[in-house]
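Q: Hi! Could you walk me through this protein in plain words?
A: Happy to, let's look at it together.

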Amino acid sequence: MTSNNRVAPHLFVVLGATGDLMRRKLLPALFHLAAQGLLKEASLILGAARKTDLGDVGFRAQAREALAAAGFSADDLAGHWCDECLFYQPIGLGEAEGYQALAARIAELEQAHHLPGNRVFYLALPPAALASTIVGLGEAGLNRSTGWSRLVVEKPFGRDLVSAQDLNRLLHRYFDESQIYRIDHYLGKETVQNLLVFRFANALFESVWNRDRVKRVQITVAEEVGTGGRAGYYDGVGVIRDMVQNHLTQLLMLAAMEVPTGFDAEAIRGEKVKVLRQIEPIRPEDVVLGQYTAGQIDHREVPGYRDEPGVAPGSTTETFAALRLQVENWRWQGVPFYLCTGKRLPRRLTQIEVAFRCPPVSVFRPFFRCEIDSNVLVITLQPDEGFDLCFEVKAPGEPFSLQTHRLHFRYSEAFGRLPDAYETLLLDLLTGDQTLFVHADEVEAAWRLYTPLLEHRPSVHPYAAGTWGPLAAEHFLGDMGGSWRVVTRAGKEADGR
Ligand code: BG6
């Protein structure tokens, strides 16, 4: 999002540096930024973790492997970058001495490399380790420095309203909100950012983006994967906490927010949070939850959720959710916002669909029965990022009939490779742009909305892996056409059916 790409010399400290996030996301993104020349030479990475026997050399070897696994050839450039820029510091079991040793190593590296004291502390840690690490950093005085000092927190930001408030209080004990960068990687996706440009740089669409013209909005994040080997985490969390409270709600805020007064973090985040505060409490009849059973995806047998290693026997954790939300404001009153997400659905698909109202009088009756998919703007976030605008045309010849067709735009055709979400977010972090990071107010407003639902969870319906969710979800859109048709249609189109 940043327009100023100048990254000041800094030290990038990763806590939890031997973990999965570092290997799969952070290292490849940091290396790619460096390889593009976006990080200047004085940009060092200090990995910190509990492993005492790793050392700089062992850490660099791990990093080389991670870069190779991410598809970068372990050539001179990657190897040279690892040797020049990566360092490692063990922090023991998280006692005060560990953080003091970390502070001493930071000071030593900064002095040796003439760094001005700009620091990032990236918490790539499991939720249980967050509080003690924040305290450890704060008590060691690492919340302040001679330059800037920024703290990055990954989701989940708490597991309900009370725990999120506790976490925010703890963060604010040591760090100002302006130092805190809460990451929701969906905000780094190019198409998500483009939603703002699409809405606010094209008056054409903004003028119809309201209850007079829009009939419904549906936000779908369908995943083919199951728990992906993370059942231990997922089983205690479920899809509302894992996906809805954060990723889907972020998309909802961007789709529904008012025009901000400017293109800056304060204005944009301020408008986003207002949307959340205007959403009506969620009623039980506005939610369908599901859990996948054994089934087939891509002609492959996959086990049911309860048979995944690490899932508690008889678990009722939900892996699918469909919700209907109502934004009670001048712009959206009466327009339902549907959020739908699930694991082990037939294919990976993230879309925002804005369905427009039918013409008030149809002169083409009986040839044309205005349907939900007559005029729809489909914003595809992944895969195959782009936009489609569906509209009616006359099919050539006789008998007279109408057909829905699409105008389409694809990012890959226009621009080629898109940056990874983490690259975008890390660059913004390093240039101090908080627009794409989540404010404490947003986190709490989102938990305020979903916590009552988590406390009184409706029953969880089974659905076979490889289907578009439980049958109850099919009936959910009864008033809008009788089926869960947007997802189903997208799936069918993709499957060529
Ligand atoms: C993560 C969730 O935040 O997002 C995962 O914890 C989920 O369960 C993932 O699979 C989806 O991200 P993406 O970018 O692949 O859509």
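This is a predicted model: local features need pLDDT of at least 70, side-chain atom pairs count only at pLDDT 80 or more; totals for chains, interfaces and linings use all residues.

Q: Now helices. At what angle do α1 and α2 pack?
A: Helix α1 (residues 20-35) and helix α2 (residues 55-69) pack at about 85 degrees, and their axes are 9 Å apart. That makes α1 roughly perpendicular to α2. Helices here are DSSP runs (H or I, at least four residues), and strands are runs of E of at least two, numbered from the N terminus. Axes are lines fitted to C-alpha atoms, for helices over the stretch in contact, with angles from 0 to 180 degrees between N-to-C directions. Angles under 35 degrees count as roughly parallel, over 145 as roughly antiparallel, 65 to 115 as roughly perpendicular and the rest as oblique.

Q: Which residues of α1 and α2 meet?
A: From α1, Met22, Arg23, Leu27, Pro28 and Phe31 meet Phe59, Ala63, Ala66 and Leu67 of α2 (contact means heavy atoms within 4.5 Å). By class, the contact of α1 with α2 has 8 nonpolar, no polar and 1 charged residues. Ala, Val, Leu, Ile, Met, Phe, Trp, Tyr, Cys and Pro count as nonpolar, Asp, Glu, Lys and Arg as charged, and the others, Gly among them, as polar.

Q: And how do α1 and α3 pack?
A: The angle between α1 and helix α3 (residues 76-85) is about 105 degrees, with axes 11 Å apart. Their contact has 8 nonpolar, no polar and no charged residues.

Q: Switching topic: which residues surround the ligand?
A: Among them are Lys155, His185, Tyr186, Arg230, Arg348 and Gln382, where near means a heavy atom within 4 Å.

Q: How far is the side chain of glutamine 382 from the ligand?
A: An N or O atom in the glutamine 382 side chain is 2.6 Å from a ligand oxygen atom. For arginine 230, an N or O side-chain atom is 2.7 Å from an oxygen atom of the ligand.

Technical notes. Residues are numbered from 1 along each chain as its sequence is written. Side-chain values use heavy atoms; hydrogens and water are left out. A polar contact is a pair of N or O atoms within 3.5 Å; within protein, one must be able to donate a hydrogen and the other to accept it, and residues adjacent in sequence count only if both atoms are side-chain atoms.
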